[in-house]
Protein chains: 4
Amino acid sequence: MQLGLIGLGRMGSNMRDRLRAAGHEVVGYDRNPQVSDVTSLTDLVQQLQAPRVVWIMVPHGAPTRQVLEELGDSLEADDLVLEGGNSRFTDDRSNAAMLAERGIKYVDVGVSGGVWGAENGYGLMAGGDTEDIERAMPIFDALRPPGDRDKGFAHAGPVGAGHYAKMVHNGIEYGLMQAYAEGFELLAASEVVTDVPATIKAWSQGTVVRSWLLDLLVRALEEDPELERLRGYVSDSGEGRWTIEESINNAVPTPAITSALFARFASRQEDSPAMKAVAALRNQFGGHSVQSSDE
Amino acid sequence: MQLGLIGLGRMGSNMRDRLRAAGHEVVGYDRNPQVSDVTSLTDLVQQLQAPRVVWIMVPHGAPTRQVLEELGDSLEADDLVLEGGNSRFTDDRSNAAMLAERGIKYVDVGVSGGVWGAENGYGLMAGGDTEDIERAMPIFDALRPPGDRDKGFAHAGPVGAGHYAKMVHNGIEYGLMQAYAEGFELLAASEVVTDVPATIKAWSQGTVVRSWLLDLLVRALEEDPELERLRGYVSDSGEGRWTIEESINNAVPTPAITSALFARFASRQEDSPAMKAVAALRNQFGGHSVQSSDE
Amino acid sequence: MQLGLIGLGRMGSNMRDRLRAAGHEVVGYDRNPQVSDVTSLTDLVQQLQAPRVVWIMVPHGAPTRQVLEELGDSLEADDLVLEGGNSRFTDDRSNAAMLAERGIKYVDVGVSGGVWGAENGYGLMAGGDTEDIERAMPIFDALRPPGDRDKGFAHAGPVGAGHYAKMVHNGIEYGLMQAYAEGFELLAASEVVTDVPATIKAWSQGTVVRSWLLDLLVRALEEDPELERLRGYVSDSGEGRWTIEESINNAVPTPAITSALFARFASRQEDSPAMKAVAALRNQFGGHSVQSSDE
Amino acid sequence: MQLGLIGLGRMGSNMRDRLRAAGHEVVGYDRNPQVSDVTSLTDLVQQLQAPRVVWIMVPHGAPTRQVLEELGDSLEADDLVLEGGNSRFTDDRSNAAMLAERGIKYVDVGVSGGVWGAENGYGLMAGGDTEDIERAMPIFDALRPPGDRDKGFAHAGPVGAGHYAKMVHNGIEYGLMQAYAEGFELLAASEVVTDVPATIKAWSQGTVVRSWLLDLLVRALEEDPELERLRGYVSDSGEGRWTIEESINNAVPTPAITSALFARFASRQEDSPAMKAVAALRNQFGGHSVQSSDE
């Protein structure tokens, strides 16, 4: 089928390739004319036959909102917008409401898979009305991994549910990565196990901890067995924070995921003000030696 | 090759089946005569040709120690003992030393895979001398998953390293399970996602969080979509505790794995004495309403 | 000086008593006519001489907002509103802006001390302009503990800073209570210390952990040495959640305070969905025994 | 009464001063002849009248054990040893057993108060037989803060209970310090509160979080308002680790205290191997930018 695709960064251009390989007609737009198939959003809308289906794949927040506002002006009733970026689920409700005023349909899609999705297919979670999701199903089927549809795609619920599911997915991802990372650090520190990369590789099959993330850790250790070429500096990209905020809103204890987020925060600090305060307290009550900031 | 196998519980008997299917001659012993191939440990030793290879698969602690002491009396120099139970790595060193006095060799093996290992093969981590491990390699090859040896087997280091690797593996397992569990609870509590089992199943392929544990969670939710047939009561079996103790010994922060262990502790409490103390404090300073133990 | 005081619940009526005892003229208003000095908010405003000073002490959120809107209509330019409830600091900015349109001044005040403040004085943290805070200083001086002003009162910063300081104060309070509670539970569980209440009482003087909260724990244990008359069920009242949300917004790791909040969440659950998921996983991979919900 | 005091470091010499000021006769021994009252342990024993009371105040572990062995050889039946160092409670049992063979009595004493104890008195927790503790009571009364005995001294239980109580005390102390430190960091990071030292000082009286540790934080901030002269590098001294190990042994969840310990571990790392692993994983799956170790 025909699809307009807005945003041709790494994710978007990979998705365009995968969709075209599946036989779909993709008209892509990006601000960067070197990768864009059309000259403008208006141009993109004109090249699509009504009722149109348009997938948005731009950074969440202001960029996504701006695209949606422009689409709200140029699309027509019964056109369908698929919002595939990493938006917060709360944005979806206002987005859908804005478009609904003009009769435009809206589905939010959580997309997982990173750069590997181009080859393996993407895990997809969609939120919206059933008829809208059915309309886009050929697109979802081309993007998801081949095989059983329900192993790579879900209609998670009403508008917002797709991004909500993706948010929780990423929260879990934080926790999983932290668990592997703690185990790696313990193996490396204790030195009882003398071949850490081989040991972790031996977990690839048959074990309880086997996973795709483990396979990636094996790859990373094959390239750099002690990870000495990297700094332990880790960014976070929104979904982890939102997961904790949602867990607080719903009174759900999420200590493992939260500890993963806090470890990332700490990884980006030159020095810890909290630990300065602890050092100061110990110095006050016990005359414990402290390190001055010159040391 | 020929192997003596001591301990024919669920794990041991599955392993006997898998080894025999691979063409090995297994003489099994268990205290339960209904499953045992021989009448006693002495009988088992006599039926094996020297130099013997004997695999121990009995509960860790006293039972394993007792078997080792009996074997120390009945085995001969150059016989090889493979300790495959969930022993603490510190036990391996004393075990090996005791047997070494009689010239008996010792290798510890961490075994992962649970009841599924019978079919899929087990992930194996071995600790000991290279020549001893080489001698047992046909056994390891039969037990591990087919395919590349290094994806299901590692010589992790000297004696103790096999069980150390298994301990850390299980610590990671605690953290992974906790991360999935927190995500499941948040999805269920927030009710934005209306089809939780389908959403989690959609993570099976293509996503960053796909794993064997996720596949098991999908299975569990297919059988009981809201997990209403289970209580949230979770035991722990040693390796998680040892992982935290080792992380403390090595000054390694392991907050995610630790939070998983603490969540299990809390799951087994009828009521929390700590939370009683917090309730008592709030009652003292603020006149906050508390619930009496009658409510 | 003259003060209008809106909200005569436990905190408000205690404060009225303390202010009157210090010689101030307090006109109190409450929806409950039995405790109110006046019949309406309008009546209260009329009984005060301009420029008026009015202290609001009603529940945060909608009740506070409603009072502010009524005061916005009936107060005059140069009147001063002191918002002493447990409002979120973000509310203060919109409150102040709304009143500023009419020339009415606004100061937010965090108040700590609970029911003991009536006797001991309250710790106060104020946010707003210096001249406004100066105007209200006689009130602050009467409410705070006697002695050095700076040990019970601070001008924390601009509008919002008072409630922000109180929010962080309460976050710390969560962490402190959790630390004492964990220590209490360990003492009680381990049974090495045979007289737990006496041991905790011995920390009252001379030790590093002595504090007012410890004194309250001693009192609670004197009344109920094993805290057997209470359930371990603990509510939370907003500030703890906001503290974590702010720590996330500012990328500040706050694991101790967060663990205290999560322990409260868990204390209110009949059963833990997350632990059900862990039990289900263990059941899937290991045939570990689980407890059904009937047990 | 007469007391032999072994170990005249900062704590020991302060205690000698405090005991002498209370009228007791103290014969002190230290390896450093400049502070010692006698030339040897043997000399110390000879100068004391039987039945003797000897207080040991040397570093825990090997130094304490060595002193105990020497005392075991030179003391007589019915002499009493008070072990006041930071020993692990498990050591007390073997210490007491060793001395009991010679009829020598043993009491372990946890001592809190740091350098301030010299002036304020020390909080004391004792473990042992009632008659032994009664014999030493004049010493305890001189060391503890003046006033009610039960606010600065407890007979916590049998041998080991004194050090157990001190261990838990220190575990709580870790949690309290972490809670204040997190709150300090959040106040400093968010910049809503513009006068952080004044705000924290305002918590000194009347508030729920007032405590001796808070007073010390106020002092530290008066000396260095942004704590810029310190590094956030914090040692740990045994009791915190033992507290977590005991909480694991007793299946007691202690997340706040544990998070405090882990924060100290992290404070001493140049870089975090775990965070390197997370960065490596993100790099593998998402092409997320990482920082090389050169940056």
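**Exercise 1. Describe helix 11 of chain B, beginning with the residue that takes a positive phi just after this helix.**

Just after helix 11 of chain B, the residue B:Ala251 takes a positive phi of about 55°, where helices (H or I, at least four residues) and strands (E, at least two) are DSSP runs numbered from the N terminus. The model is predicted, so that local features need pLDDT of at least 70 and side-chain atom pairs count only at pLDDT 80 or more, while totals for chains, interfaces and linings use all residues. Residues are numbered from 1 along each chain as its sequence is written, chains are lettered from A and ligands numbered from 1 in the order in which they are written, and side-chain values use heavy atoms, with hydrogens and water left out.

Turning to burial, ten of the eleven residues of helix 11 of chain B are buried, that is, under 20% relative accessible area with a 1.4 Å probe, protein chains only. Among them are B:Trp242, B:Ile244 and B:Ile248, together with the charged B:Glu239 and B:Arg241. The buried residues of this helix pack against helix 8 (161-190) of chain A, against helix 4, helix 8 and helix 12 of chain B, and against helix 11 (239-249) and helix 12 (255-267) of chain D.

**Exercise 2. Characterise the interface of chain D and chain B.**

The contact (heavy atoms within 4.5 Å) takes 20 residues from each of chain D and chain B. The buried area, meaning the accessible area (1.4 Å probe) that two parts lose on being put together, summed over both, is about 1600 Å², of which carbon and sulfur atoms give 75%. In chain D, the residues D:Ile248, D:Pro253 and D:Phe262 lose the most area to chain B, together 39% of what that side buries.

Helix 11 and helix 12 of chain D are the elements that give two or more residues to the side touching chain B.

**Exercise 3. Characterise the interface of chain B and chain A.**

Here the contact takes 71 residues from chain B and 71 from chain A, and the two chains bury about 5800 Å² between them, 69% of it on carbon and sulfur atoms. B:Leu186, B:Val192 and B:Val208 lose the most area on the chain B side, together 12% of what that side buries.

The rule finds two salt bridges across this interface, and the side chains of B:Asp150 and A:Lys201 meet in a salt bridge at 2.9 Å, N to O. Helix 8 of chain B gives the most to the side that touches chain A, with 19 residues.

Note on methods: A salt bridge is a side-chain nitrogen of Lys or Arg within 4 Å of a carboxyl oxygen of Asp or Glu. Buried means under 20% relative accessible area, exposed over 50%, partly exposed in between (1.4 Å probe, protein chains only).
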